Amino acid sequence: MGEEASSKAPPLSPADSIATMKIADGYAVVPVLTEPHIHEPSAVAWDGNGRMYVIEMRTYMQDIDGKNQLAPSSRVSRHEDRDGDGVYETHTVFADNLILPRMVLPLLDRVIIRETNTLDLKSYQDTDDDGVADKIEMWHEGGKRGGNLEHQPSGLVWNLDNWIYTTYSQHRYRFTGGEVVREPLPHGSGQWGITHDDVGRIFYSTAGGENPAMDFQRPIIYGQLSLPGEQAEGFRECFPIDNVPDVQGGRARVRDDNTLNRFTGCCGQSIYRGNAMPADFSGDLIIPEPVGRLVRRAKVTNDQGRIVVSNAYDQSEFIAATDPNFRPVSSATGPDGCLYLVDMYRGIIQEGNWVRDGSYLRGVVQEYELDKNVGRGRIFRIDHETTQRGPQPRMLEESPAQLVAHLSHPNGWWRSEAQKLIVLHSDPSVVPALKQLAKISDNPLARLHALWTLEGLDAVDIAMLKDRITDSDDRVRSAAIRIAEPWMKDDRSVDELLTQAVPDESPEVAIQTLLSLSRTGHPNAESLSAEIVSRHHENEAVTRIADQLKARAAAMIAEAKKLEELRRRDKVLADSVVRGKTIYTTLCVTCHGPDGKGVTSPDHTGMMVAPSLVGSPRVTGHKERLSRIMLHGLMGPIDEKTYTAGLMLPMGANTDQWISDAANYIRNEWGNKAGLVESSDIARIREESTGRVGPWTLNELTYFDPPPLDNRERWKLTASHDADKVSAAVDGDAKSRWDTGKKQQPGMWFGIELPEPVKLLSITLDAARSKTDYPRGFAVVVSSDGKTWSEPVAKGNGDEPVTEIEIDSSDPVQHIRIEQTGTSSNKYWSIHELAIKGLSLRDGPPVSLSEQLSEVDASELAREARASGDALRGAKLFYNQSLSCAKCHDPSSGDRLGPDLASKRDDVNDPFIVESVLNPSKAIRKEFSQMMVLTADGLALTGFVVSESDDELVLREPAGGKIIKLLQDDIDAMKPSTTSAMPAGLINQLTDRGQFLDLIRFLMEVNDAGSQRLSEIKQAIAP
């Protein structure tokens, strides 16, 4: 426990804390395990003998800055109630020296644990029965996992379907045949806590998204499915009774009386499946809300196939406390049939990323001294006045045959634990008893568990499923359909089940059949699904889920076709395109639009915000040009058109891989087709352009994608075959050709010696007049002397009449050899026209105006501007659409993205103005600084902070003004940017030094005389 405690929110004893709680009538909160035996508990689980395992995050937020949280000082402890009085009095440290453990799953002879910052799952065994794990092994190696510790996977629950689920992850696990199998899921979901109901339906929650119940309509294996009205009106509003407003969302998340107005820390939810509460409690969803110091009891109802959650109490909660340190973070049904709550009992509940200097939350924490309350924790049992606790289980000592009886137990914990242990025993001798139970038990839940236990033992056959499809309970019938999925696509005997399922009147069976048909790709899925929808056309749950499945299938087919074509060409390229799509849809879409054709300007009739990327030569042309645009930005007119964005901001702050992924997406979307841009290309071009200051203009970039070399008459040509016809490849006559005269085989080649060395950019092989004579494979090697040849600087496969080959070589090239590496059974290799692009070594790359002026002392330029600059000419430049100055500093509408230059500041003098234009990042006003954000999936973003809450960060992207909303759960890291939103080199589109002096003189006069002078100048230049 902390050495000092808050004087404003002092920690209370368990009894005194309970006394502050408002508890629903008839219920009581009973402490069963508290400090000093546990510190910082965050979750619990029981093994088959009823021993409780507690995750203790002992390093979590031990001070306001969250220092040393990843120190290996946390643990999983084990506790027993040996005398049966309901209080856990025997304690051991089962696994110690852990890094913030987040998952615990007791199995048969071991406990599986996962720590923070890893996807590894480790097995812990107590081989000498002293309550301490002495054998630790890797159970499943998943690798490293980064991101904020609040936004990493949790859970690890063994579900009814014998798969093990966690939050966040797009995969699930299964322990079968002594091995751990990992299978992908179409989506990940949730944050802290995961639970399932009697039929295996998973309920997720996310504090970051302020959503206490989500993705529960159907199993996540079928994707994210939601239905209108699945949360009752006002469900996310909560009703606490404390008044400490320590919520990251600030005042927007509290009422006038300082109480939390909606869920914002929801976590650790559980479906109550016990038998020690009143009957109407069964199946209810329990949702802890630690920020609001409350526990929600939600009713879960099935409205004709639509699952609906609603508050069990009218504008009230199941449990709420005034004690500021009551922090319920998890809940669970226990072996005794009771409901258990985990109270972390501490001051700060949010991780340090949300209590940063200057944040609203930090001020509240300091005001109430919440950072002083650490090192405690409680486990509570919830009793009803009618509660009769069940007996202590001894399942770990029982045989599989004895365990079968527990599948009929009224407590869902016993049923699930027994099923898990039977599957882990993997004893086929119990199969007959399970089949009998599945068939004749008068308890439908027992029949359901027996069926799934057989599935876990790989002992299900189609005959048994055909029998169960006629079960009187639709939960069992639905399970029969789902368990039949492995046979559904190819085994037509399973269609007998479908003939029973398709006309079934139950919405549950109808929906499950739709899901299974869609997932398995049954050959008659479309017609059978249509029949189901026709029979249930008035049922909104059935029709809406069918529509979602149909739309998803169409989208997946279209995407798959595109990726299949890309992977046929280049798997590395296809994977890069997938990553690049995320980048584009997050950032670039604001200006260029979802179709790549540009967005119409909302403020300027007839103008576009940015140019089309579809078929753009700057996109599909050489990577040397596009890469520089993305690294440094682009400004000025494009193809004699002006765009309202005026400037494409540089992306050089992002990684080489990030830029290459974005480039590959736009080069291979909307009908564009171009070769791979590798991260090494970006790295090379970044290095070559280190001295570049500011964005490029289109005129400057022509150097990097020049027209083909026009000296073909001076080329010396050779070839492996028919060398006497080589001149036909460069004679300007598309009808003539060079060809090999033989069917394509590896080893054929065509050589070119140029009259002088160049930096080689690309080669075009045109075989359009013999359209199937393209090279089946190619490799290009180069040399400066014709003797020493390089490794291939390009290689690939031809697949169209015209083969475009981009070259990756920074060394001078005079000799080129194109080698044919493929095979054709009946086609020659032909070249009707050959073209080469290259950069002359005599002419260096263009030097920008910014680079030239940066070599001149700022005071000298300031004096020149005073002497010869013209403020009116400078104003015309300032307000010119393509230069973009006014867009940020004096916008006609919207928010100002740069300082008001007419606002007088004492520290601004003439040299300062010059330096601010040439080097905008040298001095950034605080109110115009940007935030750099790295998301958990590697996306890097930079923008102005619009707002920040416990759950969400809102940025304004500086180029297009797009509002980007990020869940705090998805943020890996963030820090203030030291780069101005105004790019260096913005003046590069000016024609000369004189225009620069005019612009500076305008800024000087506005700085000298303020808004009055600005108004005079604007009036003077008005048309």
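Of the 1023 residues of the chain, 57% count as buried. The model is a predicted one. Its chain holds 25 helices and 42 strands. Along the principal axes, the C-alpha trace spans about 95 × 80 × 60 Å.

Start with a strand. Strand 25 covers residues 378-384 and is mostly covered: seven of its seven residues are buried. Look at where the side chains go. Arg 378, Phe 380, Ile 382 and His 384 point one way. Ile 379, Arg 381 and Asp 383 point the other way. Why two directions? In a regular strand the side chains alternate between the two faces of the sheet. In strand 25, the residues on both sides are buried.

Strand 25 has partners. Strand 2, residues 27-34, runs antiparallel to strand 25, and seven bridges join the two. Within this pairing, Ala 28 has Asp 383 as its bridge partner. Strand 24, residues 339-343, also pairs with strand 25 in the antiparallel sense, over five bridges. Here the bridge partner of Leu 341 is Phe 380.

Two bridges hold the antiparallel pairing of strand 15 with strand 16. Thr 195 stands opposite Phe 203 of strand 16.

Next come the charges. How many salt bridges does a search of the whole structure find? The search finds 76. A few deserve a visit.

The side chains of Arg 415 and Asp 198 meet in one of them, at 3.1 Å from N to O. This pair links distant parts of the chain, 217 residues apart. Arg 415 sits in helix 4 (residues 412-425), while Asp 198 sits in the loop between strand 15 (195-196) and strand 16 (202-206). Is Arg 415 buried or exposed? Its relative accessibility is 3%, so Arg 415 counts as buried, the cut-off being under 20%.

Helix 4 also holds His 425. His 425 has 30% relative accessibility, so it counts as partly exposed. His 425 and Ser 399 are 26 residues apart in sequence, and their C-alpha atoms are 8.8 Å apart in space.

A second salt bridge joins the side chains of Arg 477 and Asp 504, at 2.7 Å from N to O. Arg 477 lies in helix 8 (residues 474-483). Asp 504 lies in the loop between helix 10 (495-501) and helix 11 (507-520). The two are 27 residues apart in sequence, so the pair ties together separate parts of the chain. Both Arg 477 and Asp 504 are buried.

Asp 1008, at 43%, counts as partly exposed.

Salt bridges can also be linked into a network. Asp 161, Arg 172, Glu 183, Arg 482, Glu 485 and Arg 519 are linked in this way.

Other charges form a patch. Asp 128, Asp 129, Asp 130 and Asp 134 make up a negative surface patch. Find Asp 134 in the loop between strand 9 (121-125) and strand 10 (135-140). With a relative accessible area of 38%, Asp 134 is partly exposed.

End with a glycine in another loop. Gly 694 lies between helix 18 (679-688) and strand 28 (696-697). Compare its position with that of Pro 775. These residues are 81 apart along the chain, and their C-alpha atoms are separated by 41 Å.

Methods:
Residues are numbered from 1 along each chain as its sequence is written. This is a predicted model: local features need pLDDT of at least 70, side-chain atom pairs count only at pLDDT 80 or more; totals for chains, interfaces and linings use all residues. Side-chain values use heavy atoms; hydrogens and water are left out. Patches are made of residues with over 30% relative accessible area and no salt bridge: like charges are joined within 9 Å, nonpolar side chains (Val, Leu, Ile, Met, Phe, Trp, Tyr) within 5 Å. Accessible areas come from the Shrake-Rupley method with a 1.4 Å probe; for residues, only the protein chains shown count as cover. A salt bridge is a side-chain nitrogen of Lys or Arg within 4 Å of a carboxyl oxygen of Asp or Glu. Lys and Arg count as positive and Asp and Glu as negative; His and the chain ends are not counted. The place of a charge is taken as NZ of Lys, CZ of Arg, CG of Asp or CD of Glu. Helices (H or I, at least four residues) and strands (E, at least two) are DSSP runs, numbered from the N terminus. Buried means under 20% relative accessible area, exposed over 50%, partly exposed in between (1.4 Å probe, protein chains only). Two strands pair if DSSP finds at least two bridges between them.
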